Amino acid sequence: MMDKQAQIQKLEEEMKQLSAQLSAQHRQLLELRRQLHELNPNAQSTAKKEPAFSLEALRSSSLENLIGLRLIHLIGIVVLVIGLSLGVKYAIDKNLISEELRIALAYAAGVVLYALSLWLRKSLPGFSAILFSGGMASLYFTTYGACVYYHFFSITTAFAVMIALTIYTTYEALRYNRQEIALLGLVGAYGIPFLVSPNRGQAELLFLYMTIINAGVLFLSVKKPWLLVGRFAQAISWLIFIGWASLQNDVGLKSYGLIYMLLFFFLFFANAVAGKLFRKEPLNTGHTYQLLTNNIAFYLAALFVFGYSFVNSTVALISLLFAGFAGLQALFFYWWKEKEATRLLAYDALLLFVIFIGFQWKGITVTLLWLLTAVIIFISGVRLKVIPARMAAIALMGFTLFK
């Protein structure tokens, strides 16, 4: 066994050395091509023939790797899980196995998948990651079934086991460097309260638990450029919070509702800019839209938490405050030299200011103030040579005239 491990390590080292040599030769080839083009521009067409063939070979190799090492493995594990499920279902329908044996077999299947993932981790890391995901999912939902359907565990025990599985799944996601495993752990983490909760209406404990999860997501975003994990956590958190706030009529929710609303916003704001802060990566389009949706969700949550009213201008006041807040963020990103984030947040601030005018005043006053706002934005766009600002001003003028 030791000889086999030594051989595997030796082959891995040789593969790394060959990969480094290929990269160095590729850079040398590009440099030679550049020099050849400078000396003889007409030789460019002939120099491209061999690299073109190499690129095609690489693409073909990548496609074969995708089909051979990923898709077939994924299909295999799905077929395996479906086959096991059908077999177990048949045994249950025919009363061939007891309830205790059902849970024991389900746990055994999860443990076997996990053991196989450990065995194949070095030789087949991609397949090992798929097996690990299947094993953790089996253990997770078996614990849920044992608690909810068969009452083998108490709610406290099931909660503790599922949290432990979630933490371990997140840890292994970092070791495997696989975002899909982190997503599996995240789905499990958010599913725990709804799967095993006795539904006693303790929303503050739910939001505390979600804050801890989101802090863990922020930690992942610092370590890895896993954008999908942060966006998934942001969408789920805000949907749960806004859905809860929209169904509440209790004035007492303003206290802890406001606290968790602020915590969620700043955690996801930090999640969106973590790459630029810690890895010096510029914000891309996905980051900027994450910032924008975070601001929109923050605004909607505030409307429900503070109990919006169209009679006493509560919507107008909240809109004005959030317009100013979005404007401050736009100035911050302008100073940070992030043009796309600056533009989107400025649009958000403008839209909220227009909403403020619409709910604060009535009749012709609204029309005149909207036209004045459009004129100011248009003149500013002309002087600063910002085309989107001029287009926004024209759109606001058109909407005002339509009104």
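User: How many residues does helix α8 have, and how far does it reach from its first C-alpha to its last?

Analyst: First, this is a predicted model: local features need pLDDT of at least 70, side-chain atom pairs count only at pLDDT 80 or more, and totals for chains, interfaces and linings use all residues. Residues are numbered from 1 along each chain as its sequence is written, and side-chain values use heavy atoms, leaving out hydrogens and water. The expected span of a helix is 1.5 Å times one less than its number of residues, and for α8 (residues 203–223) that comes to 30 Å. The helix is close to that expectation, with 21 residues and a reach of 30 Å.

User: How many helices and how many strands does the protein chain have?

Analyst: Here the helices (H or I, at least four residues) and strands (E, at least two) are DSSP runs, numbered from the N terminus. By that count, the protein chain has 15 helices and, for strands, 0.

User: What share of the residues in the protein chain is buried?

Analyst: Buried means under 20% relative accessible area, exposed means over 50%, and partly exposed is in between (1.4 Å probe, protein chains only). Helix α8 has some buried residues, including Leu206, Phe207 and Met210. Out of the 403 residues in the protein chain, the buried share is 35%.

User: Within what arc do the buried residues of α9 fall?

Analyst: Helix α9 (residues 227–246) has 20 residues and reaches 28 Å, close to the 28 Å expected. Its buried residues include Val229, Ala233, Trp238, Phe241 and Trp244. They line one face of the helix, because seen down the axis of α9 (using directions from the helix axis to the C-beta atoms) they fall within an arc of 165 degrees.

User: Why do residues three or four places apart in an α-helix point the same way?

Analyst: It comes down to the turn of the helix. Residues three or four places apart point the same way because an α-helix has, per turn, 3.6 residues.

User: Are α4 and α5 roughly parallel or antiparallel?

Analyst: Axes are lines fitted to C-alpha atoms, for helices over the stretch in contact, and angles run from 0 to 180 degrees between N-to-C directions. The axes of α4 (residues 99–119) and α5 (residues 125–148) come within 8 Å and cross at roughly 160 degrees. Angles under 35 degrees count as roughly parallel, over 145 as roughly antiparallel, 65 to 115 as roughly perpendicular and the rest as oblique. So α4 and α5 are roughly antiparallel.

User: Is the crossing of α4 and α5 left-handed or right-handed?

Analyst: A crossing is left-handed if the near helix is turned anticlockwise from the far one by less than a right angle, and right-handed if clockwise. Among the residues that meet here are Tyr107 and Leu113 in α4, and Phe132 and Met136 in α5. As for the crossing, α4 passes α5 in a way that is left-handed.

User: At about what angle do α5 and α6 pack?

Analyst: Helix α6 covers residues 155–176, and its axis is 9 Å from that of α5. The residues that meet include Phe132 and Tyr140 in α5, and Met162 and Leu165 in α6. The two helices pack at an angle of about 170 degrees.

User: Is α11 roughly parallel or antiparallel to α12?

Analyst: Their axes come within 10 Å and cross at roughly 160 degrees. Among the contact residues are Asn295 of α11 and Gln329 of α12. The crossing is right-handed. By direction, α11 and α12 are roughly antiparallel.

User: How far apart in space are Leu267 and Gly216, C-alpha to C-alpha?

Analyst: Leu267 sits in helix α10 and counts as buried at 14% relative accessibility. Leu267 and Gly216 are 51 residues apart in sequence, but in space their C-alpha atoms are apart by 10.0 Å.

User: What is the phi of Lys280, roughly?

Analyst: Lys280 is in the loop between α10 (253–278) and α11 (285–305). It is exposed, with a relative accessible area of 69%. Although Lys280 is not a glycine, its phi is positive, at about 60 degrees.

Terms used: Contact = heavy atoms within 4.5 Å.
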